[in-house]
Amino acid sequence: MLKLIDKAIGIFSPQAALNRTLARKKLEILNSGYGNYGASHTRKASKGWRHGGGSHKEDIEDHLPTLRERSRDSYMGGAPIATSALKTTRTNVVGSGLKPRPNIDSEFIGLTEEQAMKWERDTMREFSLWAESTACDMERINNFYELQQLAFLSWIMNGDVFALLPYKPRPQMPYDLRIQLIEADRVCNPTFSTYESNIIQGVECDTDGEIVAYHIANYHPLSSMNPNGREIKRVRAYGEKTGRRNVIHCMESERVGQRRGVPLLAPVIETLKQLGRYTDAELMAAVVSGMYTVFIETQTTDQKPLGEDNEENTYEEEESEIALGSGAVVALAPGEKASFANPGRPNTAFEGFVNAMARQIGAALEIPPEILLKQFTNNYSASRGALLEAWKMFRMRRTWLANDFCQPIYEEWLTEAVAKGRIYAPGFFSDPLIRKVYCECDWCGPSPGQLDPVKEANAATIRVEQGFSTRQQETIEMNGGDFFDNNRQRIREEKARKELSMVTVIKEKGSE
């Protein structure tokens, strides 16, 4: 039928027939492959799908101020699950802090195994002098390990965090390196009246896309305080002559070309807010339902509700205000009646709905609901599966924190230590490869924990015996310890036990 119509139209209007044929071919192209499904414009499920798109700037950076403020509001109490998500991630990734374990290639730098182990112990002793003191903090509040958890929490809450590495001498501290954390809001464009195409949210790039500088305000843009001399300084990302790293920027990239990070809660902010409102409404309904109040019609209304004390209120109540009270009896004026809609609380469907939403939120944040809600009510296999799945994400973020924050700071500290002669490292400044070998370091944090210690200890033993793992790796995984430290401690303990046994035997023989 269509062919006959096309032929008829073609006789009287060839151009119209050609347009019909072209339109039909375009429709065939649109309705092929993804055009039949996710990219369809004709299916009923897709017709009302409003969508738009832009570059990383339009989709991400332009919305970051709002996302940061809403993320912080959710964390500070707007949504308890949001607080749980951020703190749970912080605690498992950082815990009490990621501890460095130097792991140098002794063969390459010509050291024996014993000499390398001594160098590593001496280096850790020097590093502890600096890292365990608040002198390493520019504000002199936190030590290095406490700064890690603060930096990581700020990173996932705001999308990114910055750190400057200035030098500032302090008494009783041989090292001058300091860590100065910068909250994400302080890195912003130098002016608000003009638009610089090479500066996005305070991050300046060259024509090749390389980050060359950061624009940092000496005040917080949202602060109510108005210090004198407000200004935004341009700080080079790397030293022009030395190539030294001046600014550490921790963020997670989602798009090519992206220059600023997105808060962890960004994909679920709306869901968290709605869930928070629903929880508040259910809580208020349960409170109202628990307020069993009786209203009585009387000729006079000057009596106080039964059950309340007779002391006069220190404040004036509005005459029209009628408040509910637990077990109160309130008198009403003649002709007045009180009617209530039964709230039917507690709502039996509340827990199931919250758990269903927690599963969706947890899936988006890569945190299983058992971890998010701290409910391990399933069997051992299911609980262990949830824990292992969560630790895939925790380990990934721990690696990022170690690579982007801990390791650069450790290398800056080691450079100062070698330059001041407190650590002997020949060739450190002459060969970049030798420097890299001396800077090799593993970062260890809290262990995943154990649901069944006996089963997991037996599994660790089998992995070591079969050569799938080492005693050092298993010690770190099980409790975050160090096998060699444990071994040295055990030697001392066994020696002490033998001495105690000898003393006991001598006493027993003497008593005989």
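Author: Angles under 35 degrees count as roughly parallel, over 145 as roughly antiparallel, 65 to 115 as roughly perpendicular and the rest as oblique. This is a predicted model, in which local features need pLDDT of at least 70 and side-chain atom pairs count only at pLDDT 80 or more, while totals for chains, interfaces and linings use all residues. Residues are numbered from 1 along each chain as its sequence is written, and side-chain values use heavy atoms, with hydrogens and water left out.

Reader: At what angle do helix α7 and helix α12 pack?

Author: Helices (H or I, at least four residues) and strands (E, at least two) are DSSP runs numbered from the N terminus, and α7 covers residues 113-131 while α12 covers residues 380-419. Their axes, lines fitted to C-alpha atoms over the stretch in contact, with angles from 0 to 180 degrees between N-to-C directions, lie 11 Å apart. The two helices are therefore roughly perpendicular to each other, packing at an angle of about 105 degrees.

Reader: Which residues of α12 make the contact with α7?

Author: Contact means heavy atoms within 4.5 Å, and on the α7 side it is made by Thr123, Glu126, Phe127 and Trp130. By class, the contact has six nonpolar, one polar and one charged residues. On the α12 side the residues are Ile409, Tyr410, Trp413 and Leu414.

Reader: Is Arg398 buried or exposed?

Author: The place of Arg398 is in helix α12, and, apart from neighbours within four places in sequence, its contacts are Asn92, Val93, Leu98, Trp391, Gly445 and Pro446. Residues are called buried under 20% relative accessible area, exposed over 50% and partly exposed in between (1.4 Å probe, protein chains only). Because its relative accessibility is 12%, Arg398 counts as buried.

Reader: Which strands are the edge strands of the open sheet of three strands?

Author: Two strands pair if DSSP finds at least two bridges between them, and the order in this sheet is β3-β2-β8, with antiparallel pairing. Five bridges join β2 (residues 160-164) to β8, and Phe162 stands opposite His249 in β8. Strands that pair on one side only are the edge strands, here β3 (180-182) and β8 (247-251).

Reader: What angle does the direction of α12 make with that of β8?

Author: Helix α8 (residues 144-158) packs on the sheet, touching β2, β3 and β8, and its direction makes about 140 degrees with that of β2. Helix α12 also packs on the sheet and touches β2, β3 and β8, while its direction makes with that of β8 an angle of about 155 degrees.

Reader: How many bridges join β6 to strand β7?

Author: Five of the seven residues of β6 (residues 211-217) are buried, so this strand is largely enclosed by the rest of the structure. Strand β5 (residues 203-205) pairs with β6 in the antiparallel sense over three bridges, with Glu204 opposite Ala213. Towards β7 (residues 232-236) the strands also run antiparallel, with Tyr214 opposite Val235, and the number of bridges joining β6 to β7 is five.

How values were computed
Ala, Val, Leu, Ile, Met, Phe, Trp, Tyr, Cys and Pro count as nonpolar, Asp, Glu, Lys and Arg as charged, and the others, Gly among them, as polar.
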